[in-house]
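New notebook page, new structure. I'll jot down what I look up as I go.

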Amino acid sequence: MSSDGATMETGTVQTAVLESVAPHTRHNPYDSYRILRAAGPFVPGPHDARLVPGFAEARAILQDARWSHAEEPQLLHGDSDVELPGSFLWQEPPEHTRLRGLVGQAFTARTVAGLRERAEELAAGFVDGIRSRDRADLIEELAYPLPLTMICELLGVPAESHDRVRDMSAAISRGLDPDFLLAPEELAARSRAVRDFEEFFGELLGQRARSPREDLITALVRAEAEGARLTPAELLGTLLILVVAGHETTVNLIANGVLALIRHPAEFDRLRADPATLGAPAVDEILRYDPPVHLTTRTAHDEITVGGTTFAPGDAVIVLMGSANRDPAAFDDPDRFDITRYLPGRGAQRHLSFGLGLHYCLGAPLARLEMQAVLGCLGDRVASLTLCEEPPYRPNVVVRGMSRLLVEVRSR
């Protein structure tokens, strides 16, 4: 290849790296991902980290415990003092095992199944509210309130404080993006939200210590009293990740799923015709096709070889799950939305949207339950949804989603 061609190719890849995180491409980062995958398994990225756009390499890294998630605060937020309380998300065994075990029982498939009736009741109420008029914002009237109510009720947050939790969660979620992508006012908003979070949940922890209830906050307080060695920072960090991961990500899962069905009405009709068979596979296809979380980081703790490339201890990677889920080397016709892809016997690769290994998403069963409740209620109660505009997106890169989803509604 000529030097001019090499320069052009390098420039194209560098542009794709920038475009993959640019605010104006939030509606469609997938074109940039396609260029990154073609550039090779490991692409130079920010802070000397290498981007991982392909499925095979991403899967190998995520399921290998020698790759640590603990260094993410320094990798993505090294440009400023990180105020985020430490959580098991950014820890490794044995601390990760201890903290995750304290809350894990609240999110097992069996425990979450007991929440099905409440999820369906809430979804039906919100969908009926949408049906009561011709036009609705599905973000404000469905995607936000359902997971917000579910996680707040599970934790034991009073109903009058749900909006306060939402505001804190939104600012912290935005603050999970790399600091170099955040404006000064967004960094300041993150700091205020963290202080507000610590004050609010610190008060709730104190209240539950004095007056226990049947909620997850009480369970954490009780675990501390019974010798679980939880520090105040660990308690608050655990609550923070439960709120943000159990709320903001599911908001985007619901909104992305509804948008995909609006844009693929034939798939919506198939789902409506056989929800019992297609409900669960549809959720997995939504997660693969347009996941709510697009990237995570890992740092090598040993010398590790992946895909023919050897990494030294301390080398960092940014795993692009949103890109890996569209890798044609792993998925047939990956840009096609097909709710039958994950039917039993089809043999589709497992998507990476909930992660793998030690850091597999703790709230995955609850997120699936809430998404299925929404799909069931929309199928039963709504004949069609029509976009009123191209949805605008928030600038968030890590937890990616729309700021508005305005639709016209026709009831069944």
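I started at R110, which sits in helix α6 (residues 109–113). Keep in mind that I'm reading a predicted model here. Is R110 buried or exposed? Its relative accessibility is 79%, so R110 counts as exposed, the cut-off being over 50%. I also checked R110 against P365: they are 255 residues apart along the chain, yet their C-alpha atoms are separated by 9.0 Å.

Next, the sheet. I found three strands in an open sheet, ordered β4-β10-β9, with antiparallel pairing. The edge strands are β4 (135–137) and β9 (382–387), each pairing on one side only. From one strand to the next, the twist averages 35°. Between β4 and β10 (residues 406–411) I see three bridges, and D137 stands opposite L406 in β10. Lying across β9 and β10 is helix α13 (residues 232–263), which runs at about 90° to β9.

Then I went looking for the core. The largest nonpolar core has 127 residues, and L155, V258 and L385 are among those with the most contacts inside it. Which helix gives the largest share of this core? That's α13, with 16 residues. In general, nonpolar side chains tend to be buried together in soluble globular proteins.

I get eight aromatic pairs. One of them is Y30 with Y33, edge-to-face, at 5.7 Å centre to centre and 80° between the planes. Both tyrosines belong to helix α2 (residues 30–39), and because they are three residues apart there, about one helical turn separates them. Y30 is buried at 6% relative accessibility, and Y33 is buried at 2%.

W67 and F311 have ring centres 5.2 Å apart and planes at 75°, so I log this pair as edge-to-face too. What does the pair tie together? W67 is in strand β3 (residues 67–68) and F311 in strand β7 (residues 309–311), so it ties together parts 244 residues apart in sequence. W67 is buried at 2% relative accessible area, and F311 is buried at 0%. With F42, these two form one aromatic cluster.

Last entry: R326. Its charged end sits over the ring of Y30, 3.8 Å from the centre. The charged end of R326 also sits over the ring of Y289, 4.2 Å from that ring's centre.

How values were computed. Residues are numbered from 1 along each chain as its sequence is written. This is a predicted model: local features need pLDDT of at least 70, side-chain atom pairs count only at pLDDT 80 or more; totals for chains, interfaces and linings use all residues. Side-chain values use heavy atoms; hydrogens and water are left out. Two strands pair if DSSP finds at least two bridges between them. Helices (H or I, at least four residues) and strands (E, at least two) are DSSP runs, numbered from the N terminus. Axes are lines fitted to C-alpha atoms, for helices over the stretch in contact, and angles run from 0 to 180 degrees between N-to-C directions. Contact means heavy atoms within 4.5 Å. Buried means under 20% relative accessible area, exposed over 50%, partly exposed in between (1.4 Å probe, protein chains only). A nonpolar core is a set of buried Ala, Val, Leu, Ile, Met, Phe, Trp, Tyr and Cys residues joined through side-chain atoms within 4.5 Å. Rings of Phe, Tyr and Trp (its six-membered ring) pair if their centres lie within 6.5 Å; planes under 30 degrees apart count as stacked, over 60 as edge-to-face and the rest as tilted. A charge sits over a ring if NZ of Lys or CZ of Arg is within 6 Å of the ring centre and within 35 degrees of the ring normal.
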